[in-house]
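Dear colleague,

Please look through it first; my findings follow.

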Amino acid sequence: MTTAEQYLNESLAAFDFGAPAVETVRFGEGHINDTFAVRTQSGKRFILQRISPAAFKQPGQLMENITGVTQYLEQIISQSGGDPNRETLRVLRARDGASCFYDSAGCCWRAFPFIEETICCQSADTPELFAASGRAFGRFQQLLRDYPAETLHETIPRFHDTENRLANLKAAVQADTHGRAAACQPEIDFMLAREADCSVALQALRDGELPLRVTHNDTKLNNVLMDEKTKEGICVIDLDTVMPGLSINDFGDSIRFGANHCAEDETDLSKVNLDLNLFAVYTAAFLEGAGGTLADAEIRFLPWGAKLMTLECGMRFLTDYLEGDVYFHIQREHQNLDRCRTQCKLVSDMEAHWAELEAIVNQYR
Ligand code: ADP
Ligand code: GN1
Ligand code: MG
């Protein structure tokens, strides 16, 4: 596997930043892409990213999606009196006019103007910040409610197909290529015991109870930028997985990541607890942002979105651990197993408080 740094100069040369680049540093805490912040001589900053070849097999299709969605957002944000320079990502064209650049190893790079005077949070330090992210993700869904879903490519096939995620886990356990399965039997058993759960949302979709919408599919708190001063969520970023999906998954992935007080890889599981107040705060904010977009059944299934996104993410971390950490970036050994364990703990907590979660969402029906 090549490192992104080896191809940084090539890709820097491929984009016109308006002035020479004077500083390029690794940036952010995403688990997937290689992200750099570029500062130019005139003081302007840009985000330059190598799209993860492990995650995205068709980066050209992904960039078609992002170009289409960001141009659409630009238009409706302008029409409603907003500021498209701050409220949506904008793709910076390469010197040859393309939306991205392929380096000599065949990897795809793209650039965006850096959205300044914003903060990006790794944990919900206050309920107000978490609510702000909820309004932003809810609004994102509302803004895209009429976007032609049929024009979107599936950038990661079966991304939130939880049944398939479990099948992938079973295959990884069977293959056990790194001899790690024996050491994570409790986590494997935890997932296997919830096989029936994996079908709940998919079955509701097949039955026509839940609609397919244009969704973000990766609604972590650090995928929304907040205004530095007002602390309001202003721009939803990381649009790589915008695809047809379920609204409850956008809700659920935010809960998974943000409705607790510890890092995703916390090793002291006694600290990992679902915060019911944060769940309630996010529910109110997400529905406010969505502004009536969601149908009654979608609201009813919100607790399932939270549980399934957490269970599924735990399965994905565990699968990657068993396969030798090839998908999610890691900074230390066993980090993916630690991440899996926090997800199991959160799922257990959700199960223990299920009636309360239902009562919270039922207030909005
Ligand atoms: P990944 O898929 O690896 O999570 P992201 O697209 O989320 O990649 O980018 C990683 C981080 O880079 C974000 O969490 C955020 O901190 C920062 N970032 C991305 N785009 C911008 C932007 N246009 N302006 C400012 N910061 C950004
Ligand atoms: C990845 O790209 P990032 O870091 O925002 C992953 C999500 C996981 C998340 C777990 C494309 O999100 O699906 O939920 O890590 N993104 C992709 O932290 O796989
Ligand atoms: Mg991200």
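This is a predicted model: local features need pLDDT of at least 70, side-chain atom pairs count only at pLDDT 80 or more; totals for chains, interfaces and linings use all residues.

**Findings**

Several residues of α4 are buried, among them Leu 129, Phe 130, Ser 133, Phe 137, Phe 140 and Gln 141. In general, an α-helix has 3.6 residues a turn, so residues three or four places apart point the same way.

The second topic is the ligand. There are 18 residues around ligand 1, of which Asn 33, Gln 49, Ile 115, Asn 222 and Asp 238 come nearest. By class, this shell consists of 10 nonpolar, 7 polar and 1 charged residues. Oxygen atoms of ligand 1 take part in polar contacts: a polar backbone atom of Asn 33 is 2.8 Å from one, a polar side-chain atom of Gln 49 lies at 2.9 Å, and a polar side-chain atom of Asn 223 at 3.0 Å. On its own, ligand 1 has 560 Å² of accessible area, and the protein covers 96% of it.

Lastly, I would draw your attention to Glu 266, which is located in the loop between α8 (247–258) and α9 (276–290). Glu 266 counts as buried because its relative accessibility is 17%, and the cut-off is under 20%. A polar atom of the Glu 266 side chain lies 2.9 Å from the backbone nitrogen of Asp 268. Leaving aside residues up to four places away in sequence, Glu 266 touches Lys 271, Val 272, Asp 338 and Thr 342.

With kind regards

Definitions and conventions. Residues are numbered from 1 along each chain as its sequence is written. Chains are lettered from A and ligands numbered from 1 in the order in which they are written. Side-chain values use heavy atoms; hydrogens and water are left out. A residue is near a molecule or strand if one of its heavy atoms lies within 4 Å of it. A polar contact is a pair of N or O atoms within 3.5 Å; within protein, one must be able to donate a hydrogen and the other to accept it, and residues adjacent in sequence count only if both atoms are side-chain atoms. Accessible areas come from the Shrake-Rupley method with a 1.4 Å probe; for residues, only the protein chains shown count as cover. Ala, Val, Leu, Ile, Met, Phe, Trp, Tyr, Cys and Pro count as nonpolar, Asp, Glu, Lys and Arg as charged, and the others, Gly among them, as polar. Buried means under 20% relative accessible area, exposed over 50%, partly exposed in between (1.4 Å probe, protein chains only). Helices (H or I, at least four residues) and strands (E, at least two) are DSSP runs, numbered from the N terminus. Contact means heavy atoms within 4.5 Å.
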